[in-house]
Each structure stands twice: as C-alpha cells, then as structure tokens.
Amino acid sequence: MGTKSMFAIRAIEPSDAHAVASLHAASWRSAYRGIISDAFLDADLSANRFAFWQQRLGAHASNSFGLLASEGDVPVGFAFAFPNAEPTWGTLLDNLHVLPELKGRGIGRGLLAAMAKRCCQVAGDEGLFLWVYESNSAARRFYESLGGQRFERRIVAVRGGGEAAEWRFAWPSAADLLEQIG
C-alpha cells in the first residue's frame, strides 16, 4: 500500500464537470482496458465524459449527489450516488474513481466513507449497492475487503461495443459499510 494522502472531500458542483470528466476518463483508461474497447478508450474520452457529466450535474440532478476529493487544488477522485435507486437494494453507488497513480493511498476508502455518511443522512438505513466488472479484480477485492457481498451476476453491453460480465456488490445499509470502513 502506498503513502497516505492528505485530501479534502466536498460536494460535487455543476462547475466540476470538467474535473470529474477528466478523472473519469483517466480511471476508465486504466481500469477498463480489456473490458471496454481500446478504440473507445483511446478516442476523445474526456469530451465524452464531459458531455455525460455536464448532463448528470445539470438542472435535474436533485435525485443524486456526488463527492469530489482533492489534494490542494487538484481533483484526485470522486464518487456519485442515486438514493432510493431500487426498492430491494437501496442506493446505487454509480461511480467511485481515483486517479490511477494515487490508488492505495486511502482516497477511495475516504470517498466511500464520506459517501456512506452522506447516504445515512439522505437515505436512512436503506441498502447500498454497486456494479463491478467481473474482470476488474482490483475493484472486486477492494469492495470485498470492506464487507461488500456479491449477489448477482449479469452480462451487459459495454461502451464501444461488446459485452462484459458484472457483479452486484451490496451492503445491508450505508451504516454497515461505514462500520466496515472503520
């Protein structure tokens, strides 16, 4: 494990769309190589993700929230969630990304803890879940180390063409996840 980071976490604002898109693109290029086509990852992924985040953070974003981690003025990671996404599973953690070169420094864990606290505030004791590509073994190990349980496997279409298997990881509540994080 690398050196611990000194980072701050705050709510994502619409004006953060460029920073979040850049983080998202860097993370995808690192973690999803071999899952998502190289042609898609090597194209203008930052512009693709910017359009996505500009829309997601736009005027109709009241049913979601995100957190941005920064070291000084430099964004280094983010998380994004949708409370009450599914009656059975609860809040969907749709994104958790850290700059690839900073993984292992506690940023992802810090974002997940802050996200769990926020979920407790906005969604009470409902569950928390996310989807992880089966071949993303580093992410699967990370969530398993924090008590995430695998519940369901599905095959999905991936951006740029093709299909991949992914697993639903879930916690009974955000408070349970927070307890696992310590």
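Visitor: How do you know which residues and features to trust here, and how are they numbered?
Guide: Residues are numbered from 1 along each chain as its sequence is written, and this is a predicted model in which local features need pLDDT of at least 70, side-chain atom pairs count only at pLDDT 80 or more, and totals for chains, interfaces and linings use all residues. Side-chain values use heavy atoms, with hydrogens and water left out.

Visitor: What makes Arg168 and Glu86 a salt bridge?
Guide: A salt bridge is a side-chain nitrogen of Lys or Arg within 4 Å of a carboxyl oxygen of Asp or Glu. For Arg168 and Glu86 the N to O distance is 3.1 Å, so the pair qualifies. Arg168 lies in strand β7 (residues 163–171) and Glu86 in strand β3 (residues 74–86), so the pair ties together parts that are 82 residues apart in sequence. Strands (E, at least two residues) and helices (H or I, at least four) are DSSP runs, numbered from the N terminus.

Visitor: Why is Arg168 called buried?
Guide: Buried means under 20% relative accessible area, exposed means over 50%, and partly exposed is in between, with a 1.4 Å probe and protein chains only. Arg168 has 5%, so the residue counts as buried. Glu86, at 26%, is therefore partly exposed.

Visitor: Which other residue forms a salt bridge with Arg168?
Guide: Glu152 does, with the closest N and O atoms 2.9 Å apart. Glu152 sits in strand β6 and Arg168 in strand β7, so this pair joins parts that are 16 residues apart in sequence. Glu152 has a relative accessible area of 31%, so the residue is partly exposed.

Visitor: How do you know that Arg154 and Glu166 form a salt bridge?
Guide: Their side chains come to 2.6 Å, N to O. Arg154 is in strand β6 and Glu166 in strand β7, 12 residues apart. Glu166 is buried because its relative accessible area is 8%, while Arg154, at 34%, is partly exposed.

Visitor: How many salt bridges are there by this rule?
Guide: The count comes to 9. Arg33, Asp38 and Asp42 are linked in a network of salt bridges.

Visitor: What is the nearest side chain of opposite charge to Arg49, a buried residue with no salt bridge?
Guide: That side chain is Asp94, 7.7 Å away. Lys and Arg count as positive and Asp and Glu as negative, while His and the chain ends are not counted. Arg49 is found in helix α3. Leaving aside neighbours within four places in sequence, Arg49 is in contact (heavy atoms within 4.5 Å) with Ala21, His24, Ala25, Trp28 and Arg159.

Visitor: Why is His18 called exposed?
Guide: His18 has a relative accessible area of 55%, so the residue is exposed. His18 lies in helix α1.

Visitor: What makes a space a pocket?
Guide: On a 1 Å grid over the protein atoms alone, a pocket is an open set of points where a 1.4 Å probe fits, with protein on both sides within 12 Å along at least five of seven lines; lining residues have an atom within 4 Å of a point. About 1,100 Å³ of space lies in the largest pocket. Of the 43 residues that line the largest pocket, the closest to its centre are Tyr32, Leu96, His97, Asn136 and Tyr143. Strand β4 gives the most to this lining, with 7 residues.

Key
Points joined across faces, edges and corners; volume = space filled by probe spheres on them.
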